[in-house]
Amino acid sequence: MTDQIDFTMMYVTHDAFRRDLARLEAAVADGRAATPQVRAGWDNFTAQLHVHHTVEDEWLWPRLTELVKDRPGALALLADMEAEHARLDPLLEGLGRALAANAADLAQRVETLAAVLDRHLEHEEDEALPLIQEVMTPADWKEFGRAMARRQGVKGAAAYVPWITDGIPRADRRRFLSHLPAPVRAVNRLAWTPRYRRRRLWNPPGSGGLRPTKAA
């Protein structure tokens with residue numbers, strides 16, 4: 001296949017998940033876990049992760065299964081993706097309860113979730129994305145993006161776009177925003193980002209960056 005899929009949107013989303021868990025770890029270590037800004041940051045993180053994994057489970061993995069149905073190794077990989085998602089669910093629920101109660105084992109729960117999620121994201125990046133690059137077309141990938149946009153809706157996009165750009169370098173921010181339609185960029189600049197910043201999620205914010213797209 002000559003056309004390459006651009007995985008920028010996938011990578012920036014994964015990096016935002018990692019960034020938020022690093023912020024949660026820092027907040028717990030600093031004794032800020034009970035603040036409204038940290039609770040709001042956690043709520044936003046879990047909402048973003050739920051949307052991301054739901055669309056993968058309902059659209060991406062089934063579509064890939066159709067394309068690799070005669071390849072046992074690829075099917076096993078997709079089964080692993082779904083199993084890893086399922087393993088994360090009780091960890092998220094348990095951490096949410098621990099955060100609400102400011103439990104004594106909160107730091108350990110955050111560390112466990114961060115480790116499990118990072119292993120899943122690395123597995124997806126190292127094995128699932130190359131498989132996608134091999135068997136899907138850029139048109140297929142755009143349809144996945146449309147499925148994600150439908151799931152998010154306008155309200156979801158209003159949270160997702162400024163969440164991605166929170167704390168990233170200016171050049172990386174421009175590169176991410178270049179993937180969005182001009183009207184969306186304008187609304188984000190005028191309304192979404194100012195509203196997001198007023199929420200002061202995780203206060204104080206950390207920093208992050210985007211990585212180049214990997215190709216198979």
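A pocket is an open set of grid points with protein on both sides within 12 Å along at least five of seven lines, and its lining residues have an atom within 4 Å of a point. The legends below describe a predicted model.

**View 1. The second largest pocket is lined by 15 residues.** Thr165, Asp166, Gly167, Thr193 and Arg197 lie nearest the centre of this pocket. The space inside comes to about 300 Å³. Three helices each supply at least two lining residues: helix 5, helix 6 (170-177) and helix 7 (182-199). By residue class, the lining of the second largest pocket holds 6 nonpolar, 3 polar and 6 charged residues.

**View 2. The largest pocket holds about 810 Å³ of space.** Its lining counts 29 residues, and those closest to the centre are Met9, Gly145, Arg146, His179 and Leu180. Helix 1 (8-29), helix 2 (36-67) and helix 5 are the elements that give two or more residues to this lining. Helix 5 gives the most, with 15 residues. The lining of the largest pocket divides into 18 nonpolar, 8 polar and 3 charged residues.

**View 3. Gln152 sits in helix 5, which spans residues 138-165.** Is Gln152 buried or exposed? Its relative accessibility is 17%, and the cut-off for buried is under 20%. Gln152 therefore counts as buried. Which residues does Gln152 contact, once neighbours within four places in sequence are left aside? They are Gln48, Val51, Ala157 and Tyr160.

**View 4. Arg63 forms salt bridges with Glu66 and with Asp140.** The bridge between the side chains of Glu66 and Arg63 has an N to O distance of 3.1 Å. Both residues lie in helix 2. They are 3 residues apart, about one turn of the helix. The side chains of Asp140 and Arg63 meet at 3.6 Å, N to O. This second pair links distant parts of the chain, with Asp140 in helix 5 and Arg63 in helix 2, 77 residues apart. How do the partners compare in accessibility? Asp140 is buried, with a relative accessible area of 16%. Arg63 counts as partly exposed, at 26% relative accessibility.

**View 5. Arg109 and Asp105 form a salt bridge.** The closest N and O atoms of this pair are 3.0 Å apart. Arg109 has 35% relative accessibility and counts as partly exposed. Asp105 also counts as partly exposed, at 31%. Elsewhere, a network of salt bridges links Asp15, Arg18, Asp118 and Glu125. The count for the structure comes to 13 salt bridges.

**View 6. Phe17 and Trp163 are one of the aromatic pairs, of which the structure holds 8.** A pair of aromatic rings is described by the distance of the centres and the angle of the planes. Phe17 counts as buried, at 0% relative accessibility. Trp163 is buried too, with a relative accessible area of 0%.

**View 7. Tyr160 and Trp163 form a tilted aromatic pair.** Why is the pair called tilted? The ring planes stand at 50 degrees, with the centres 6.0 Å apart. Planes under 30 degrees apart would count as stacked and those over 60 as edge-to-face, so this angle falls in the tilted class. Tyr160 and Trp163 are 3 residues apart in helix 5, so about one helical turn separates them. Tyr160 is buried, and so is Trp163.

Note on methods. Residues numbered from 1 in each chain as written. Predicted model: local features only at pLDDT ≥ 70, side-chain atom pairs only at ≥ 80, totals over all residues. Heavy atoms only, no water. Helix = DSSP H or I, 4+ residues; strand = E, 2+ residues; numbered from the N terminus. Buried < 20%, exposed > 50% of the residue type's maximum accessible area, 1.4 Å probe, protein only. Contact = heavy atoms within 4.5 Å. 1 Å grid on protein atoms, 1.4 Å probe; cavity = no way out; pocket = protein on both sides within 12 Å on 5 of 7 lines; lining within 4 Å. Points joined across faces, edges and corners; volume = space filled by probe spheres on them. Nonpolar A, V, L, I, M, F, W, Y, C, P; charged D, E, K, R; others polar. Salt bridge = Lys/Arg side-chain N within 4 Å of Asp/Glu carboxyl O. Phe/Tyr/Trp six-rings, centres within 6.5 Å; stacked < 30°, edge-to-face > 60°.
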